[in-house]
Amino acid sequence: MPLKTDISTFGTKARLHRIIAGLAILSLASCGLFGERGPVRIAAMGSLNPAATPLNGELSSANAALLNATSQGLVSYDGEGQIDTGLADRWTVTTDGRSYIFRLREAKWTNGRKVTAEDVAAILRSYLAPASRHVLKNDFPEIETIRAMTDTVIEIRLSVPQPAILELLAQPSMAIVNKGMGWGPMRARRIGRAVLLSPVPDPLAEDPEAAEAAANDPAASIELVGTSPAGALARFKNGYADGVIGGRFSTLPYFAASNIGRSRLVVDPVPGLFGLSFVRAEGFLAIDANRDALVRAIRRERLIEAFGLSEWQPQVTLRPSLYARDGGPAPLVPTWAEYDEASRLAQAKRAVDAWRAAGRQIEPLRIAVPDTPGGRILFAYVSADFNAIGVPSQRVPMASAADLRLIDEIAPNDDALWALRRLSCRRDTLCNREAQELIDQATANIDAGQRRVQVSEAEAVLARYAPFIPLATPLRWSVASQRLTGLRANGRAQHPLNHLIALPN
């Protein structure tokens with residue numbers, strides 16, 4: 001299905017022309033340095049900072065790709081989104097499922113010092129420390145201890161079994177980086193605005209000189225640039241990049257404006273959360289029924305169709321429908337989903353009319369979405385749906401005070417509790433104590449049957465409380481030339497740089 005863009009919601013035609021013109025603006029720094037056997041050239045959307053660390057919060061797509069290449073975690077993802085080796089070349093799980101024991105491969109930090117299990121344990125503990133801003137800090141509640149058993153063996157001990165812990169440890173944000181130093185599988189050096197990545201020579205090679213020469217083969221290297229969405233797509237269109245990574249809903253209109261062939265677009269079918277979280281419960285939003293009215297009012301199919309991408313699907317459940325730990329339970333489908341669009345709008349409008357009939361006003365809701373083409377389209381459709389039931393709204397920046405704020409996150413593992421934890425009692429969510437108690441009980445429960453019941457009960461409580469307006473599945477996309485044989489759509493949206501192409505023999 002071809003991409004289309006609703007110009008009326010995108011903005012004026014002049015604005016679209018400016019975006020298309022922006023695609024022609026291209027910095028040639030670091031380009032044309034290599035022949036046909038030169039490095040694979042990747043343009044990542046976002047800033048590229050070689051000193052970026054997971055301790056400081058969410059990573060840009062460029063920084064995540066760089067860390068995943070130079071400082072892989074204990075385990076990693078391959079190009080198919082499956083668990084692969086990382087710094088650990090093997091691991092075992094005890095019969096009770098509570099102890100994961102990893103054996104580290106021979107590796108050195110960039111200063112030449114050997115990587116030890118104590119180094120790794122200290123780094124992982126720092127990620128989960130109270131002062132850390134690590135994006136996954138709250139997703140490891142089962143961990144009791146992280147310790148070095150020997151110089152090359154590390155144990156992660158859990159309070160209850162967590163079958164999906166490897167998926168968390170494989171995330172790029174779990175990179176084992178030590179004060180800016182990585183260990184591999186690639187090493188980096190700056191070339192102008194770009195970073196040139198080449199394989200780390202095998203430290204156990206019988207012929208170190210031959211291993212170094214093989215690692216320096218330009219055809220085994222990757223040139224990574226962090227830039228704007230328009231700049232990334234311009235690089236690809238003009239032949240200065242073999243691929244573009246880091247696309248989201250917010251930047252999809254840039255692809256539509258670029259006229260790059262649809263066959264080059266790679267869309268990942270990822271589970272997760274994409275919707276509007278209620279940040280405060282005051283005034284009109286203090287009433288559960290009023291928040292529920294806003295949930296019902298959204299015409300999801302219409303919103304998604306505005307982006308013209310058939311792979312992007314609406315979502316009505318609080319939890320993603322894909323990936324279920326312990327074989328379930330299935331996400332709870334809300335009762336309002338059984339009604340047609342006109343009925344849902346009528347139900348929502350009755351709640352608004354009842355509020356106004358009591359002489360109470362509704363202040364314009366502040367909705368925080370990205371100030372991007374996609375963000376403006378999203379707000380236009382949401383605002384129109386709210387206005388249809390008599391609720392005014394205004395768009396505000398993501399960092400501003402807001403009544404609703406966009407959450408756009410991929411589920412980092414298969415745990416059914418992930419989404420419920422994410423939507424309960426966080427800094428950017430409302431807090432229902434009954435639901436949180438059930439979530440805590442399910443987290444600590446070792447009985448799979450009881451756990452499934454508690455997950456379902458917690459989800460039912462949250463659904464009645466209405467802390468979130470689910471809109472769709474998260475959207476992640478890339479652009480790939482024929483050279484990138486390893487960049488394939490997968491359910492984790494993981495495209496590690498060292499798996500993009502087959503290395504030369």
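User: What should I know about the model before reading it?

Analyst: The model is predicted: local features need pLDDT of at least 70, side-chain atom pairs count only at pLDDT 80 or more, and totals for chains, interfaces and linings use all residues. Residues are numbered from 1 along each chain as its sequence is written, and side-chain values use heavy atoms, with hydrogens and water left out.

User: How are two packed helices described?

Analyst: By the angle between their axes and the distance between the axes. Axes are lines fitted to C-alpha atoms, for helices over the stretch in contact, and angles run from 0 to 180 degrees between N-to-C directions. Helices (H or I, at least four residues) and strands (E, at least two) are DSSP runs, numbered from the N terminus. Take helix H14 (residues 433-444) and helix H15 (residues 448-465): their axes come within 9 Å and cross at roughly 160°. That makes H14 roughly antiparallel to H15. Angles under 35 degrees count as roughly parallel, over 145 as roughly antiparallel, 65 to 115 as roughly perpendicular and the rest as oblique.

User: Which residues of H14 and H15 meet?

Analyst: Contact means heavy atoms within 4.5 Å. From H14 come Glu434, Ala435, Leu438, Ile439, Gln441 and Ala442; they meet Arg451, Gln454, Val455, Glu457, Ala458, Val461 and Leu462 in H15. By class, this contact has eight nonpolar, two polar and three charged residues. Ala, Val, Leu, Ile, Met, Phe, Trp, Tyr, Cys and Pro count as nonpolar, Asp, Glu, Lys and Arg as charged, and the others, Gly among them, as polar.

User: How is empty space found?

Analyst: Rolling a probe the size of a water molecule over the atoms shows where empty space is left. A pocket, on a 1 Å grid over the protein atoms alone with a 1.4 Å probe, is an open set of points with protein on both sides within 12 Å along at least five of seven lines; lining residues have an atom within 4 Å of a point. Here the second largest pocket holds about 1,000 Å³ of space. Its volume is the space filled by probe spheres set on the points, which are joined across faces, edges and corners. Of its 46 lining residues, Trp183, Gly184, Pro185, Met186 and Val200 are closest to the centre.

User: Which element gives the largest share of that lining?

Analyst: S8, with five residues. Strand S8 spans 186-191. The lining divides into 23 nonpolar, 14 polar and nine charged residues.
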